[in-house]
Amino acid sequence: MALVTLILDEESRNSLNDFLVDNSLKPKGEFHSTLVYTEETPIFIRQHLIDPLRTYLPIKLSSGTYQFDVFDSSLVLRYEHLSVRKMQLSVISESVRHSIHAYDDLSEEELDILRASVKEKRVSQIFYDFNPHITLAKSFQGDHRNIQPPRMQLTFDRIYWKVLKKMKSSPEEIFRPDN
């Protein structure tokens with residue numbers, strides 16, 4: 001019921017797209033890196049959380065950390081950056097706060113969403129095996145070890161945060177920071 005992602009700046013998106021085309025790969029489309037995705041627990045945006053997250057931006061990735069991998073038949077570019085890990089932990093902490101009902105600042109609409117989520121089957125609220133990556137191409141058939149990672153610097157310049165009112169149906173965007 002929540003999705004929090006980092007969005008690459010335009011120059012990075014264009015460079016990554018050109019890299020994929022030069023390597024005869026079909027780009028996936030939008031390039032982003034998911035910090036948190038949960039179908040079970042809504043994570044409501046709060047100023048006390050978003051303001052510190054924004055201080056990490058822009059995040060400039062070092063090409064020395066890039067590594068190709070395949071997740072569920074999708075070619076991904078893995079990377080490491082301490083700020084991304086800190087951001088992910090901040091959002092997970094907010095998820096835990098909502099999961100244990102440690103809140104006193106939710107609106108009536110948010111309380112309704114939270115109450116509805118409690119009725120749903122909860123499978124996993126927290127993903128401890130976080131692997132920072134950008135999905136590059138779906139249905140990848142080749143050997144990722146034959147492709148040299150790009151040498152360009154990639155930069156995340158925005159956060160996208162979406163809370164879904166219902167699981168797996170009619171997502172309604174509640175909040176989307178543009179910067």
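Tyr79 and Phe156 are both buried (under 20% relative accessible area, with exposed over 50% and partly exposed in between, using a 1.4 Å probe and protein chains only). Welcome to this predicted model, in which local features need pLDDT of at least 70, side-chain atom pairs count only at pLDDT 80 or more, and totals for chains, interfaces and linings use all residues. Residues are numbered from 1 along each chain as its sequence is written, and side-chain values use heavy atoms, leaving out hydrogens and water.

**Aromatic pairs**

- A pair of aromatic rings is described by the distance of the centres and the angle of the planes.
- There are two aromatic pairs here (rings of Phe, Tyr and Trp, the last by its six-membered ring, with centres within 6.5 Å; planes under 30 degrees apart are stacked, over 60 edge-to-face, and the rest tilted).
- Phe19 and Phe68 are stacked, because their ring centres are 6.2 Å apart and their planes are at 15 degrees.
- This pair links distant parts of the chain, 49 residues apart: Phe19 belongs to helix α1 (residues 10-22) and Phe68 to strand β4 (residues 67-71). Helices (H or I, at least four residues) and strands (E, at least two) are DSSP runs, numbered from the N terminus.
- Phe19 has 13% relative accessibility, so Phe19 counts as buried; Phe68, at 6%, counts as buried too.
- Tyr79 and Phe156 make a tilted pair, with 5.7 Å from centre to centre and 50 degrees between the planes. Tyr79 sits in the loop between β5 and α3 (82-99), while Phe156 is in strand β7 (residues 155-163), 77 residues apart.

**Backbone points to look for**

- Most residues other than glycine have a negative phi, and most peptide bonds are trans.
- Leu57 and Pro58 are joined by a cis peptide bond, with omega about -5 degrees.
- Asp72 has a positive phi, near 45 degrees, and lies in the loop between β4 and β5. With 76% relative accessibility, Asp72 counts as exposed.
- Ser73 has a positive phi near 65 degrees and is partly exposed, at 39%.
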